[in-house]
Amino acid sequence: LGTTNSAIAVMEGVEPQIIKNNQNQDITPSAVGFTKSGSLLLGEAARRRQLASPQDAYTEFKRKMGSDEIYPVAATGRSHKPEELSAEVLKSLKGDVEQARGEVVESAVITVPAAFELHQCDATRRAAELAGFSQSPLLQEPVAAALAYGFQKDEEKAYWLVYDFGGG
């Protein structure tokens, strides 16, 4: 669940396999929008909607996870919390996996920035629950990067230095 873009992968043995979204792309923009009729838009369609109607689509809501920020939607007259918008992105990713693999996805490991505080992690867990995940352990992004790099290494003694430059 990224600030700008999101992606999902599954482990095939020791190799992560990126699951393409319904537009055959490796990444999905972390954008949620609504049409005038109230239909939900996700990803690239929502990003385009934000350009045309900024009061009906949002990006970068992950930055406000765990806050009291509210995102009003003119088209629907409703407002959403950051975790509700994040849940829509997670639902979309979950649906991509279910469609690609033909299996139900019940849990996922979600990466979060190293600087996320407890209230932000709690909001991320709520987003995962709203997306339909029964379990969603959180893993800090630099730890995930180190694990992904070192997962297949046989070296008995190895050292890695991981820099987290972050999306911001």
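Gln120 is located in helix α3, which spans residues 118–130 of this predicted model. The residue has a relative accessibility of 13% and therefore counts as buried, the cut-off for that class being under 20%. Leaving aside residues up to four places away in sequence, Gln120 is in contact with Arg63, Met65, Gly66 and Ala115.

An open sheet is formed by three strands in the order β6-β5-β7, with antiparallel pairing. Its edge strands are β6 (40–42) and β7 (57–59), each of which pairs on one side only. On average, and with direction ignored, neighbouring strands of this sheet are turned by 15 degrees against each other. Strand β5 comprises residues 31–34 and is joined to β6 by three bridges in the antiparallel sense. Across from Val32 stands Leu42 of β6.

Helix α1, formed by residues 44–52, lies across β5, β6 and β7. Relative to β6, helix α1 runs at about 105 degrees.

Helix α2 covers residues 82–101, 20 residues in total. From the first C-alpha of α2 to its last, the helix reaches 29 Å, which is close to the 28 Å expected at 1.5 Å a residue.

Conventions
Residues numbered from 1 in each chain as written. Predicted model: local features only at pLDDT ≥ 70, side-chain atom pairs only at ≥ 80, totals over all residues. Heavy atoms only, no water. Helix = DSSP H or I, 4+ residues; strand = E, 2+ residues; numbered from the N terminus. Expected span 1.5 Å × (residues − 1). Pairing = 2+ DSSP bridges. Axes fitted to C-alpha atoms, helices over the stretch in contact; angles between N-to-C directions. Contact = heavy atoms within 4.5 Å. Buried < 20%, exposed > 50% of the residue type's maximum accessible area, 1.4 Å probe, protein only.
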